[in-house]
Amino acid sequence: MALSAEVVTREIPEIVEFNKLKNRTAEEALAELVGDLGIVYVTALTRQGCSGCETQKPLFRTLAERMTRENPEKIRFRSYHIDYQDGDKRESWKSKRIFGHAAYPTYTIHVKSHVGPLEIYRSVYPPMEELEKQIKESFELAEFYKAEAETASRSRTDDL
């Protein structure tokens with residue numbers, strides 16, 4: 001009898017085509033993006049034809065791979081790619097409506113709390129060292145909000 005192992009790998013950062021979200025409200029998109037307590041969610045918003053996005057893409061990938069290796073249960077990296085062909089700006093405007101960003105590439109850091117997703121950090125074209133610093137500082141907040149949610153849940157249960 002022969003056994004085979006199936007290797008399941010996750011692309012880091014997870015690349016998501018924006019059209020997956022473009023018909024959602026900002027609240028729906030954020031709830032989908034920031035799903036679990038205790039996790040730091042790092043998101044890159046990039047656009048086709050953006051020279052800054054192309055410059056930072058390998059730097060962001062390297063940071064994502066390293067930090068995911070170091071903190072696999074505490075962090076999720078995603079990159080939403082916005083289509084921008086032949087000057088068609090519709091998808092870019094939809095992205096700005098949902099995420100409220102001004103330019104590309106924009107990076108955000110979110111954590112989930114018992115009141116929903118919370119934005120910790122947002123920056124356009126930051127140095128990766130600054131992004132890494134902000135991510136590391138967000139681990140403590142993610143844990144704090146996870147503990148707060150557990151306390152709030154116990155409190156509601158005790159009230160019943």
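**Group meeting: a walk through the model**

Okay, let's start at Tyr-125, which is in the loop between strand 5 (116-124) and helix 4. Most residues other than glycine have a negative phi, and most peptide bonds are trans. Tyr-125 counts as partly exposed, at 40% relative accessibility. On that scale, buried means under 20% relative accessible area, exposed means over 50%, and partly exposed is in between, with a 1.4 Å probe and protein chains only.

Some housekeeping. This is a predicted model, where local features need pLDDT of at least 70 and side-chain atom pairs count only at pLDDT 80 or more, while totals for chains, interfaces and linings use all residues. Residues are numbered from 1 along each chain as its sequence is written, and side-chain values use heavy atoms, with hydrogens and water left out.

Now the overall layout. We have four helices and five strands, and along the sequence they come in the order β-α-β-α-β-α-β-β-α. The C-alpha atoms fill a box of roughly 60 × 50 × 35 Å along the principal axes. Of the 160 residues, 39% count as buried. Contact means heavy atoms within 4.5 Å. Among contacts with a separation of 6 or more, 72% are between residues 24 or more positions apart.

What about charge? There are 24 positive and 27 negative side chains, and the centres of the two sets lie 3 Å apart. Lys and Arg count as positive, Asp and Glu as negative, with His and the chain ends not counted. Each charge is placed at NZ of Lys, CZ of Arg, CG of Asp or CD of Glu.

On to the inside. In soluble globular proteins, nonpolar side chains tend to be buried together. A nonpolar core here is a set of buried Ala, Val, Leu, Ile, Met, Phe, Trp, Tyr and Cys residues joined through side-chain atoms within 4.5 Å. Which residues of the largest core touch the most other members? Out of 18 residues, they are Val-40, Val-42, Phe-60, Ile-75, Phe-77, Leu-131 and Ile-135. At least two residues each come from strand 2 (40-47), helix 2 (51-70), strand 3 (75-82), strand 4 (106-113) and helix 4 (128-159). Helix 4 gives the largest share, five residues. Take Leu-131: leaving aside residues up to four places away in sequence, it touches Val-42, Phe-60, Leu-63, Tyr-107, Ile-109 and Tyr-121. There's also a second, separate core of 16 residues, including Val-16, Leu-33, Ile-39 and Tyr-80.

Next, helix 3 (90-99). Glu-91, Ser-92, Ser-95, Ile-98 and Phe-99 are buried in it. The buried residues pack against helix 1 (26-33), strand 2, strand 3 and strand 5. After helix 3 comes Gly-100, with a positive phi near 65°.

In the loop between helix 3 and strand 4 sits Ala-102, which is exposed at 67% relative accessible area. Its C-alpha is 8.1 Å from that of Val-124, 22 residues apart along the chain. Pro-105 is in that loop between helix 3 and strand 4 too, and a cis peptide bond joins Tyr-104 to Pro-105, with omega about -10°. Another cis bond runs from Ile-12 to Pro-13, with omega near -5°; Pro-13 is in the segment before strand 1 (14-17).

Last stop: is His-114 buried, partly exposed or exposed? It is partly exposed, at 45% relative accessible area. His-114 lies in the loop between strand 4 and strand 5. Not counting residues up to four places away in sequence, His-114 touches Glu-148, Ala-149 and Ala-152.
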